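Here is a friendly tour of a protein model, written for someone meeting structures like this for the first time. Please look at the sequence and the structure, then read on.

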Number of protein chains: 2
Amino acid sequence: MAEERKWQILRAIIDDYIATAEPIGSRTIARKSGLGISPATVRNEMSDLEEMGFLEQPHTSAGRVPSLKAYRYYVDCLMSPPVISEQDIAFIDNWYRNKVRSLEEVFQETAKIIARFTRNVSLVVSPQFSQCRFRYLQFLPLDDDRAIAVVVTDNGLVENRIINIPGGVDFADLQRIAQAITNRIAGQTVEAINDIDWRGLMDCTLPGGEVIDRAVQVVRQTLLASRRQKIHLGGTTQILDQPEFRDSNRARNLLSVLEEERVLCDILDKGNEDQGDGLIITIGRENKFSGIQDCSIVQATYRLNGQTVGKVAVLGPTRMEYGRISAILGFMRRHIDEVARRIGQN
Amino acid sequence: MAEERKWQILRAIIDDYIATAEPIGSRTIARKSGLGISPATVRNEMSDLEEMGFLEQPHTSAGRVPSLKAYRYYVDCLMSPPVISEQDIAFIDNWYRNKVRSLEEVFQETAKIIARFTRNVSLVVSPQFSQCRFRYLQFLPLDDDRAIAVVVTDNGLVENRIINIPGGVDFADLQRIAQAITNRIAGQTVEAINDIDWRGLMDCTLPGGEVIDRAVQVVRQTLLASRRQKIHLGGTTQILDQPEFRDSNRARNLLSVLEEERVLCDILDKGNEDQGDGLIITIGRENKFSGIQDCSIVQATYRLNGQTVGKVAVLGPTRMEYGRISAILGFMRRHIDEVARRIGQN
DNA sequence: ATTAGCACTCTATTTGCAAGAGTGCTAATA
DNA sequence: TATTAGCACTCTTGCAAATAGAGTGCTAAT
């Protein structure tokens, strides 16, 4: 029982700190915990908790603040189980219903919703097609000296680029070039395509050498683009309202991290080694990336078409509402596939 | 002559204030102006300038600070003519040479360069094709129940979208639908297309009604997207280094303005009524949009293919290096077309 | 085991004071 | 007449001491 009470007090402290961002004193907890306990008793328990490494004192006469270890214990054992209210669900559903027109927009809007509900920075990583293969190349007419090269991959990604047609090549030639390229490399990945020798592609000699070069380049870029994941951010401005970012240095630090897409990818990948399912919570210095070591990250993976996966995540000060945020991300990860399907397009 | 000296002093004050962000006293000017004049004389002149509305005193015993009117006079008559050094030109040229692969990237990189050179926020508005017309629609095969709709506009914009093929429609039907739609509306703008009655499009009845709906929707969206201008931002983080944004409220204010693309468009459009050519400088409260009334904007228009136009702009505190910034934007506006051409694509 | 009481510690705020920077004015100067 | 030196005055900034407040730790009583 004595043990049990300690955790109740710890929870009360963390809950309060999450809400107020101020160090908590024994009086406050004695009042708010609802345990019918005097401040002196709370002080004793707090002293124990500090010795156990769960609490820290900014200075002797301030209240106490949860340590990393406390947050960890909190999310693992203490916090009330993540639930999301019917009301929130209804709001989210309604939000999507009118707004979404393309897959890109699903991600963008999801980022906005998460940011809005969590009051932190949200990150939505669009899925990464780890192996994508070339399906076909086709040219469409544009004008006398330009054509549109359209590349289609087997995961349904389509990209186009305008290319110049050199003199002496007519549209029929282009069609044959497209056919020849397609025949040669359909089903190949980027790596394979990089190694191919294009000489002797056509059975007859054409003056269209540079068209081939350019077309192959478009093909390659499409495949590369397809496997690159893109990160959609939300709430980057509102995060500055959080008291921990009053200090403009910290604010700038965070913002410059958010500006670097590659860094963000690394940060999120790091937490991924764990399970591929469920939520991963990384707290404070558990994260190895400088610049956000006083921040926590909650991330979850989602599926699209039951197969390819991306991530939704929230980044904010360690003092974040882990429960609420987990609930929202948990809902989103289950929901996002359905929303994507609803726009009749993958 | 007396007049002439006043302006020299005013210029010295503004130059110094732009460099230091601190109110300037008479001693400083007496030393730096190079006029061989005592502080007392400068004080008299400054007193005059204040009465004329060019200077302001934060408080009695501080130095003085340029007013909006002073900045206006400075950019109109006082500042040294904008020049950009050979060195800078070389740097910029070299920057582009390797980086740029697509038109989108030209804008993105341009924003980065401008931000880097001016140490302020840069804005690059991609061109707005005010009237764009539908050229043709084509379907490409994807799999049994999906196809790719490709729309081409007469300004060379290409967009694609995946659509579902309802049962009972085969690919040949799709081709005929595309042909019919193209015949019906080639050369039309969005407005015209919105008014068209699509019933009776096909001479025979097809079960592909929803395909037509969806295809028309894609056409419409393409035309709309083509005329929508997109804004590329640069330097949004580094601007926080400027002393005027130490105050985190101001910083947040600015950042939330920058987050709203539509607001930015409005802000830039406002200054556009003037000439279509050359540089437009909007100083402080000359700008009517709240949230950036202590900022100035320098903007210039550029041409692409000698016809469609977009904008490059710099946004920062009123205390900005108008001369340098004008020079850089002036160079960019002349340069951007050439860079775009260099990637062999419009 | 709990709690009331009290001395102690540390921060944050206020107050007063001196230094510094800059001005405005007046009288002397070229 | 324009310029300048000199000086009193004002206002900010920085610093130190004093004060109030919040919270703790310990002891003794319950």
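Predicted model: local features only at pLDDT ≥ 70, side-chain atom pairs only at ≥ 80, totals over all residues.

Residues are numbered from 1 along each chain as its sequence is written, chains are lettered from A and ligands numbered from 1 in the order in which they are written, and side-chain values use heavy atoms, with hydrogens and water left out.

**How the two chains are related**

- Two copies of a chain are related by a rotation about an axis and a shift along it.

**Where chain A meets chain B**

- The contact (heavy atoms within 4.5 Å) takes 36 residues from chain A and 36 residues from chain B.
- Together the chains bury about 3100 Å², 49% of it on carbon and sulfur atoms; buried area is the accessible area (1.4 Å probe) that two parts lose on being put together, summed over both.
- A:L140, A:T237 and A:R252 supply 16% of the area that chain A buries against chain B, more than any other three residues.
- Between the chains there are 10 residue pairs in polar contact, both residues being at pLDDT 80 or more.
- A polar contact is a pair of N or O atoms within 3.5 Å; within protein, one must be able to donate a hydrogen and the other to accept it, and residues adjacent in sequence count only if both atoms are side-chain atoms.
- On chain A, β4 (134–143), β5 (146–153), β6 (158–164), α9 (209–227) and α10 (248–259) each supply at least two residues of the side that touches chain B.
- Helices (H or I, at least four residues) and strands (E, at least two) are DSSP runs, numbered from the N terminus.
- The largest share of that side, 7 residues, comes from β4(A).

**Salt bridges**

- Side chains of opposite charge can pair when their charged atoms come close.
- A salt bridge is a side-chain nitrogen of Lys or Arg within 4 Å of a carboxyl oxygen of Asp or Glu, and the whole structure has 35 of them over all chains.
- The count between chain A and chain B is 2 salt bridges; the side chains of B:D241 and A:R252 meet in a salt bridge at 2.6 Å, N to O.
- Within chain B, B:E45 and B:K6 meet at 2.7 Å, N to O, and this pair links distant parts of the chain, 39 residues apart, with B:E45 in helix α3 and B:K6 in helix α1.
- Both B:E45 and B:K6 are buried; buried means under 20% relative accessible area, exposed over 50%, and partly exposed in between (1.4 Å probe, protein chains only).
- B:K112 forms a salt bridge with B:E109, their closest N and O atoms being 3.9 Å apart.
- B:K112 and B:E109 are separated by about one helical turn because they are 3 residues apart in helix α6 of chain B.
- B:K112 counts as partly exposed because its relative accessibility is 45%, whereas B:E109 is buried at 9%.

**Two residues to look up**

- B:S122 lies in strand β3 (residues 121–125) of chain B. Is B:S122 buried or exposed? B:S122 is buried, because its relative accessible area is 0%.
- The side chain of B:S122 reaches the backbone oxygen of B:A111 at 2.6 Å.
- A:Y96 sits in helix α5 (residues 86–99) of chain A and is buried, with a relative accessible area of 2%.
- The side chain of A:Y96 makes a polar contact with the side chain of A:T110 at 2.6 Å.
- A:Y96 and A:E109 are 13 residues apart in sequence and 7.7 Å apart in space, C-alpha to C-alpha.
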